[in-house]
Amino acid sequence: VQVFKNNLLAVLTALFVALHPINQNMVLAFSTAYVSLQVMFTLGAIYWGGYKDFSFKNVSIALLFFILALLCHETAMLIPFYIFSFMFIARKDSWKKALGMSFVFFLFLAAYLVFRLTGTKVGTHILENVNTVPVDSLQYAATFIRLVHWYLSNLFIPDGVVVIWSSKLVAQGLWFWLMAGLLWFSIGVYCFWRSARLPVVRLGLLWLVVGFFPAMVACLHRSTSNLIMEPYWFAFSSIGFFMIVSALLVELSKKMYWMAAACVVTIGSCWMISSHVYNYMWANDRVYGMYYLKRAGDYVPANTYMANIFLRHHEPYLAEQYIINSHQERLSTDLPRYYADLGFVDFNNKRYQSAKENYLKAVAAAPEYYPCYTYLGIIAFIENDMLKAEEYFVRVIKNDPVEILSRMNMGAIYKKRGEIDKAIGMFEGVLAIDPHSEIARVELLKIYIDQKDRNRTRVIANQLLKISQDPLVLHNVNVILKH
């Protein structure tokens with residue numbers, strides 16, 4: 001509002017940003033407010049670093065917002081480019097003056113990148129992927145253009161919005177996608193040239209295009225065979241698209257007011273209805289899982305996502321096929337979890353020997369994968385090999401201070417041996433981790449009843465009355481308290 005002196009432009013931009021499902025999709029991608037905070041901090045950095053007068057105080061505040069935005073998500077590294085383009089286009093500073101005043105932000109960005117790429121594991125992983133993805137420059141360009149086309153087409157018509165979309169390396173149709181990229185570029189250049197009298201359109205174009213810069217490297221992350229695109233990477237830069245749409249509608253309203261109003265209602269309604277449909281899918285994990293599997297392009301881990309949904313719903317027989325479908329991708333990216341998931345399916349289907357074999361393969365690939373030892377211990381317990389079960393459970397307990405299942409089972413082993421004090425210690429340890437654990441209290445109640453410890457029995461029974469929702473448990477507890 002303050003920059004372009006246009007209330008309608010600001011309102012329309014904010015409205016379209018809020019209504020479009022590609023932005024609501026970020027809620028699914030991040031259960032926290034990280035993305036929203038990043039957008040707000042980025043706006044703060046641009047306001048204090050680009051709009052306000054150049055001073056030590058204002059630059060310091062802008063740098064603080066820059067740091068906060070980076071802590072939310074690394075796409076905030078584009079802030080120096082946003083500030084420069086804002087000074088150059090919105091404030092109409094010369095490019096030399098804009099570069100000079102934004103230089104401190106580029107300097108900070110350079111220092112951050114040096115630290116990020118040399119001092120942390122994630123940066124190293126991305127650089128390794130650059131060298132391991134079997135792709136030549138033309139293949140990479142064509143595949144990246146296909147990713148960009150998917151994202152841009154979903155800005156116009158949001159049909160196929162997912163958390164992660166992936167494309168195999170383009171082999172056939174290589175020149176088609178290169179020409180498509182040239183067409184997108186030509187349209188952008190033409191719009192930039194024709195919008196000389198509309199600086200907000202130029203600014204929106206630059207912000208939208210700049211948003212794809214980090215994606216050129218980030219698309220190599222997670223996979224050794226495909227390139228990926230995640231919509232939340234463009235949480236801020238996509239505002240440029242909505243600025244362009246809003247500016248064109250504002251210009252139209254000056255000549256044909258009712259036509260512009262009809263366009264606003266139509267566009268807003270279409271995006272709102274689309275968001276409503278997506279919200280319905282996102283509210284049901286199975287519905288969204290099937291949609292995601294169908295619309296995620298060539299993203300093989302979508303099979304893993306679907307398998308995890310069925311595992312959460314305790315339907316391992318349905319999860320098994322999706323786990324198998326993800327085999328090729330996960331052999332190179334997540335081998336321990338692949339075998340652990342297969343083991344979990346076998347365990348729930350009571351195929352204990354097969355489960356044991358898969359869990360042993362998982363821990364062979366990742367000896368620190370402690371959940372596998374818990375299930376290996378349970379299988380040994382079922383097979384009445386108490387020494388082996390104890391070995392597995394103790395290993396988990398020593399290395400995982402918050403794991404509950406191994407402690408519960410170790411308590412059962414101590415109780416079976418008659419080592420009651422140790423059993424009580426295990427069950428109380430579970431309560432220290434999870435104060436609301438009903439099953440641990442039930443086991444303690446059984447022990448105190450056997451010991452004829454009326455005081456402790458009454459204490460545990462009263463606690464169960466407060467937390468339990470199991471009618472049978474509540475009935476038995478009431479019977480105990482009456483006696």
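In this predicted model, helix α18 (residues 335-348) and helix α19 (residues 352-365) have axes that come within 8 Å and cross at roughly 165°. Angles over 145 degrees count as roughly antiparallel, so α18 is roughly antiparallel to α19. The crossing of α18 and α19 is left-handed. On the α18 side, the contact is made by Leu335, Pro336, Tyr339, Ala340, Leu342, Gly343, Phe344, Asp346 and Phe347.

From α20, the contact takes in Tyr370, Tyr373, Thr374, Leu376, Gly377, Ile378, Ala380 and Phe381. These meet Met386, Lys388, Ala389, Tyr392, Phe393, Arg395, Val396 and Asn399 in α21. The contact of α20 with α21 divides into 11 nonpolar, 3 polar and 2 charged residues.

| Site | Volume | Lining by class |
|---|---|---|
| Largest pocket | about 1100 Å³ | 28 nonpolar, 3 polar, 3 charged residues |
| Largest cavity | about 60 Å³ | 8 nonpolar, 4 polar, no charged residues |

The largest pocket is lined by 34 residues. Those nearest its centre are Trp184, Ile187, Gly188, Leu205 and Val209. Two or more lining residues come from each of α8 (137-156), α9 (174-194), α10 (199-210) and α12 (239-255). Helix α9 gives the most to the lining of this pocket, with 10 residues.

The structure holds 1 cavity of 30 Å³ or more. The lining of the largest cavity includes Gln38, Thr42, Thr75, Ala76, Leu78, Ile79 and Tyr82. Also in the lining of the largest cavity are Trp233, Phe234, Ala235, Phe236 and Ser237. Helices α3 (34-51) and α5 (79-90) each supply at least two residues of this cavity lining. The lining of the largest cavity has no charged residues, whereas the lining of the largest pocket has 3.

Definitions and conventions. Residues numbered from 1 in each chain as written. Predicted model: local features only at pLDDT ≥ 70, side-chain atom pairs only at ≥ 80, totals over all residues. Heavy atoms only, no water. Axes fitted to C-alpha atoms, helices over the stretch in contact; angles between N-to-C directions. Helix = DSSP H or I, 4+ residues; strand = E, 2+ residues; numbered from the N terminus. Parallel < 35°, antiparallel > 145°, perpendicular 65-115°, else oblique. Left-handed = near helix turned anticlockwise from the far one by under 90°. Contact = heavy atoms within 4.5 Å. 1 Å grid on protein atoms, 1.4 Å probe; cavity = no way out; pocket = protein on both sides within 12 Å on 5 of 7 lines; lining within 4 Å. Points joined across faces, edges and corners; volume = space filled by probe spheres on them. Nonpolar A, V, L, I, M, F, W, Y, C, P; charged D, E, K, R; others polar.
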